[in-house]
Amino acid sequence: MAVRACSVTIKDLEGVTHRVEVMAETVYEAVALGLSAIKANDWVSDIAQGSNAVQVCAKDIPIVHSVQLKDFTTWLDRAATSPRELSKRKRIKGILGMTS
C-alpha cells in the first residue's frame, strides 16, 4: 500500500477537538499514529474510549508549484493559440480585474 498524508481528528473528554497530520499506509495505522501524537501533547485531557469516533482524512500528497510573476505576466499577455486557451486567459484576467 502507498503511504498517504492523513489528518487525524478526535475530541477529548473536555470536548476540545484535536487534529494532527500523520503519514500512514492504512486507516488503522493513521488512527494509532494520530492517537499517539495527540495523547503525547500536554494540551490534551483524557480521550474517551468506546464510541468516541476518530476521524481520518486521507489526502493526496500536496504538490507545490512556483511561478515567477514575470513568467505569469508574459503568459497572460501572450496571444492565445486556441479558443480553450483564450477562454482560460480571459477568465484569469477577469479574476485579476483586468479588461480583455
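Student: What makes this an open sheet, and in which order do its 3 strands come?

Tutor: The order is β2-β1-β3, with antiparallel pairing. Strands here are DSSP E runs of at least two residues, helices are H or I runs of at least four, and both are numbered from the N terminus. The model is predicted, so local features need pLDDT of at least 70, side-chain atom pairs count only at pLDDT 80 or more, and totals for chains, interfaces and linings use all residues. Residues are numbered from 1 along each chain as its sequence is written, and side-chain values use heavy atoms, without hydrogens and water.

Student: What makes Ala 30, Val 31, Gly 34, Leu 35 and Ile 38 of α1 buried?

Tutor: Buried means under 20% relative accessible area (exposed is over 50%, partly exposed in between; 1.4 Å probe, protein chains only). Those five α1 residues are classed as buried, so each falls under 20%.

Student: How do you know that they line one face of the helix?

Tutor: Seen down the axis of α1, the buried residues fall within an arc of 125°, so they line one face. That arc is taken from the directions from the helix axis to the C-beta atoms.

Student: What do the buried residues of α1 pack against?

Tutor: They pack against β1, β2 and β3, with contact meaning heavy atoms within 4.5 Å.

Technical notes: Pairing = 2+ DSSP bridges.
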